[in-house]
Amino acid sequence: MRLAQNMRAWLVGRNPVTHFAVAFFVGVVAGLGAVAFRRLIALFHNVFFAGRFSFVYDTLQHTAASPWGVWIILAPAIGGLGVAWMVKNFAPEAKGHGVPEVMDAIYYQNGYMRPQVVLIKAVASSLNIGSGGSVGREGPIIQMGAAFAANLSRWLRLEAWQRYALIAAGAGGGIAATFNTPIGGMLFAVELMMPEISARTLVPVMIATGTATYVSRLFLGHHPAFIVPPLHIAATASTSPEAFFAYLLLGLIIGLVALLFMRSIYWFEDRFDALPGNYYTRHVLGMLLVGVTLYLLLRTTGHYFVEGVGYATVQDVLNGRLEASVLLLLALAALKLLVTSLTLGSGGSGGVFSPSLFIGATLGGAFALVAHGVDPSLELNVITAASLGMAAMVGAGTGAAMTGAVMIFEMTGDYRIILPLIVVGSVAYATRRLITADTIYTLKLTRRGHEVPESRQSNLYLDLPAREFVNHAYVQVPVDAPWPPPGLRRFSPAGLPHLLLVDAHGAIAGVVPAQRIAGQWRSRGLETRALALDEWQAVAADTLIVDLLGSVRREGAETFLLGRDGAAPTVAADVEAILVWSDVVQAAGLPTRERMHGGTAGT
């Protein structure tokens, strides 16, 4: 019996050939899933907007005026009713834009995702998009590919690192197949999904994304998601100082709008949750407002413009068809932000990738028109600016900065756009990051109390000594000192130290971390000893972080007194420094204490 188990473990769990074969299978399924999902969206779109049964739908062409006339307002609401029923009764995790649920499964659920998510997410999202909801198809296909990989991994009883790698492979394969951008799909998995980045995890992702892209090309053709005229990109080959300054300004604007977009979605979600009624009535109300917006746009402009994924509008910008009006481009960007927030905030199912591309393209096009009005000689045209805006909006909003840049490069096929892509994308990302560390994906998890590390490093940091992560000075004060103690008054609120409390004989009587001091900085009438922690641990200053990590997991230790000369301190005079675990987490990208002890599903 044991021999059979060992043979199975080697054949499935420890044999790299088997692991790569499974990754290939995940890529095939992700590619077929992307094709089937697009066909399902086409079916619902044709039924709702044209009243005909067909799986053919060119997203780069505007939807013709519906024969239903003003009653088209009801289409998003009817679709929303079906979405609410499926989400409510079968898979609540299918609600929203999908990617946060995949990240939550990786970091908090041991890679566990319920199998019904694959089917419910496909039907709910295609119904939402096809009926006119302003969401994208990328988030759903990412969640579907990841859910399939997660359940396949559990069925095969793969090891944890293999399970996480295949989940990332399923997610990357889905987005690669959707956009026909294999490198972009691989980078998406690396930037957002993989807790470990190494050859053993990268190769399965590469296999899956390449396979998924090939499968999608067999059915959908070898065409990029958007057709970008290459002759217009050539103008970026010779970049003037004025154009470089324009790139910086465009990146700043996109970064601020990306922040507004991510905050808007969750602001609307809170407003809808506060409304009377239930999930059904709230989502139907939100989708009715979307329907009204679509109808008014049709009556005033001749097109629905912000309906569904919005690729036809993006293609219009790239073709130069909307260069006549800056106000129209700005209005479309604002309306897309509004209807996407209404769709997702009221409880819809779909992604944020496509809306990000739409907003980035229209804002970039509007920026180029305004910039040319100021300086007609500027080497920046609408098509180039729209392409840059798309990459920057995706990178700043989702946190996948490299993914956004590389995907646009793959679509244009022109290396000369790389320099402005780097400048605009990095400035947009930095602008959003300076204001908040959260992305449009992690903000949803942060609101649940589930933190996701920004970085996934190798184990290098685990082999460094504790003293390398000391971030605050410390001050010794008597345990009975008044608050605030005299030794603290020379520090500013921005650079507070830790306090080491000592008794009359120089023995350690307690510790007050800087974070706790900051919360009581302006308090009066306290005793300093009242702020001291009851739990702290004394260790040598050269103790490795990997050993401290064990203490955090076993004993819940958060504060460490580091001793000199390779020994744990027993008296105050032996203390070299004070280290708080949150400083290590921030510097090394390690898991928070809550994440290390939470998430037992699927064990």
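**A strand pair and a helix pair**

Reply: The bridge partner of Gly 563 is Val 575, which lies in β6. This is a predicted model, where local features need pLDDT of at least 70, side-chain atom pairs count only at pLDDT 80 or more, and totals for chains, interfaces and linings use all residues. Residues are numbered from 1 along each chain as its sequence is written, and side-chain values use heavy atoms, with hydrogens and water left out.

Me: How do β5 and β6 pair, parallel or antiparallel?
Reply: β5 (residues 559-563) pairs with β6 in the antiparallel sense, over five bridges; pairing requires that DSSP finds at least two bridges between two strands, and strands are DSSP runs (E, at least two residues), whereas helices are H or I runs of at least four, numbered from the N terminus.

Me: And what order do the strands take in the sheet?
Reply: The order is β4-β5-β6, in an open sheet of three strands with mixed pairing. The edge strands, β4 (537-540) and β6 (575-580), each pair on one side only.

Me: Switching topic, what's the angle between α2 and α6?
Reply: Helix α2 (residues 16-50) packs against helix α6 (residues 138-156) at about 145 degrees, with the axes 10 Å apart; axes are lines fitted to C-alpha atoms, for helices over the stretch in contact, and angles run from 0 to 180 degrees between N-to-C directions.

Me: Which residues meet there?
Reply: Among them are Phe 25, Val 29 and Phe 37 in α2, and Met 144, Phe 148 and Leu 152 in α6, where contact means heavy atoms within 4.5 Å.
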